[in-house]
Amino acid sequence: MGKIPNKWYKIVTILLMCYTLAYGLLLPLPSDVGMLDETIRNLFYHVPMWFGMMIILMAAWIYSIIYLQNQNAKMEIYARALTYSGILMGLCGLFTGMFWGYNTWGSPWTNDPKLNGVAVGMCMYAGYWLIQRSISDDEKRARISSVYNIFIFPLFIALIFVMPKLAKFSIHPGSGESVNFKSYNKTSNMEMVLYPAVIGWTMLFVWIAEIRARIERYKQQKNNEKLFA
Amino acid sequence: MSSINHTVKFFLQAEWKSKFALSSVLVHIFIAVLITYLCLPGMDQALFSAFFWIVVIFTTLQGISKAFIQMHKGHFLYWHQLISPVDFLLAKLIANFLLMIVFNVFALIVFTVIHGNVIDDMGSFMLIALVTGTGISSIFTISSSIAAKTDHPGMLLPVLTFPLIVPVLLMGLNAGKKAVDGLGFRTLAPELLLILLMDILIVVLGIILIKFIWKD
């Protein structure tokens, strides 16, 4: 990751975000979305959050592995920034989902494997944050939090992919026997927004992580200067 | 292999020598089951599996994870000279697995004595308890070794541990419910297989990661 050198990255991100935010609301919907009605537009704000979270947490996981391989402190900073970004994305996904659920199901929380799985997953990552806060020694904190990160990611995946598959029923769109996006999307014009939205949101949160990592490295540099001055 | 054997034996002997730890967990289980009985005297089949697992995870956490939590820095160094981290973890996993069996069986006995036997398929339920207990005790072991390295192990232990056991616990709970209702072994075999796979995943992850946790 490092400093994102290319200004085109930022320009593309901003353009994609503008496109998603504007055209996601303007897009003519397929005529037969049933009770989902206009709330199906949440597809462009809620669903990309989860896709992006998966991608970002996966990247954080890989950076953690690289850190344990070569003990390069830079890698751990990237892993941490990406993980925090992923958690933020997960929370955004959770809140957009709850908002949607409140309007569609009539309650922000239902007993659904996907919702419960994500809630537990966020608790796992809260543990990551707690570990970061509770070890004072820098090298040890980096090592133990990387180990924890490597340990929880497979369990998190098991929780949000395998568990909903096992559950017999789910009222969440796109799982179990409930309606999914594909059954509505006969003309596939929604994909024209969905995929740019996924890419755009992911790029935005990677950008946030990158800024965070740069601040962190700057702080570390300052500390080292103070130490050796 | 023999070093693992000896270490397991050593852990179990230490456990047996200081009987207070083992017996305090057993008393803990007993009082927890008694509380469930006082709160809900007429327990039926639908609730049994859920109550059983809640009691088991909350009472065994301390008993299983105390090994790492109470270990001082000097102890880590001492063990490091004697045995490789992987061997140590394997020995600890085996010892904790045996402890978990004791706790599980004890909890099951107390449950059936106090609440009466509501389980239709006892053999399957015990098999599930065994496989799920393996997963839970391995996660307790590994996450307690992580928590032991933080500055506040006692505070962080439950927070780091309970979310991690949820995937295994949920599968065990569902399979357990089927066994309680007596739906037959064939219906719960796929879940049993999945739990076994999770167990293997957890142990393999622990073996890969332990040498990074141990380094001081």
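Over all chains of this predicted model, the salt-bridge count comes to 8, where a salt bridge is a side-chain nitrogen of Lys or Arg within 4 Å of a carboxyl oxygen of Asp or Glu. Local features need pLDDT of at least 70 and side-chain atom pairs count only at pLDDT 80 or more, whereas totals for chains, interfaces and linings use all residues. Residues are numbered from 1 along each chain as its sequence is written, chains are lettered from A and ligands numbered from 1 in the order in which they are written, and side-chain values use heavy atoms, with hydrogens and water left out.

Select A:Arg143 and A:Glu139 to begin: their side chains form a salt bridge, with 3.5 Å from N to O. These two residues are 4 apart in helix α5 of chain A, and so about one helical turn separates them. Helices (H or I, at least four residues) and strands (E, at least two) are DSSP runs, numbered from the N terminus.

Next, select residues 113–134 of chain A, which make up helix α4 with its 22 residues. From first C-alpha to last this helix reaches 31 Å, close to the 32 Å expected at 1.5 Å a residue, the expected span being 1.5 Å times one less than the number of residues. At its N-terminal end, show A:Asp112, which caps α4(A) through a side-chain oxygen lying 3.0 Å from the backbone nitrogen of A:Lys114.

Now display chain A together with chain B, where 26 residues of chain A are in contact (heavy atoms within 4.5 Å) with 25 residues of chain B. The area buried between the two chains is about 2500 Å², and carbon and sulfur atoms give 81% of it; buried area is the accessible area (1.4 Å probe) that two parts lose on being put together, summed over both. On the chain A side, A:Arg143, A:Phe151 and A:Leu155 lose the most area to chain B, together 24% of what that side buries. Across this interface the rule finds 0 salt bridges. Helices α4 and α5 (138–166) of chain A each supply at least two residues of the side that touches chain B, and the largest share, 15 residues, comes from α5(A).

Terms used:
Polar contact = N/O pair within 3.5 Å; in protein donor to acceptor, adjacent residues only side chain to side chain.
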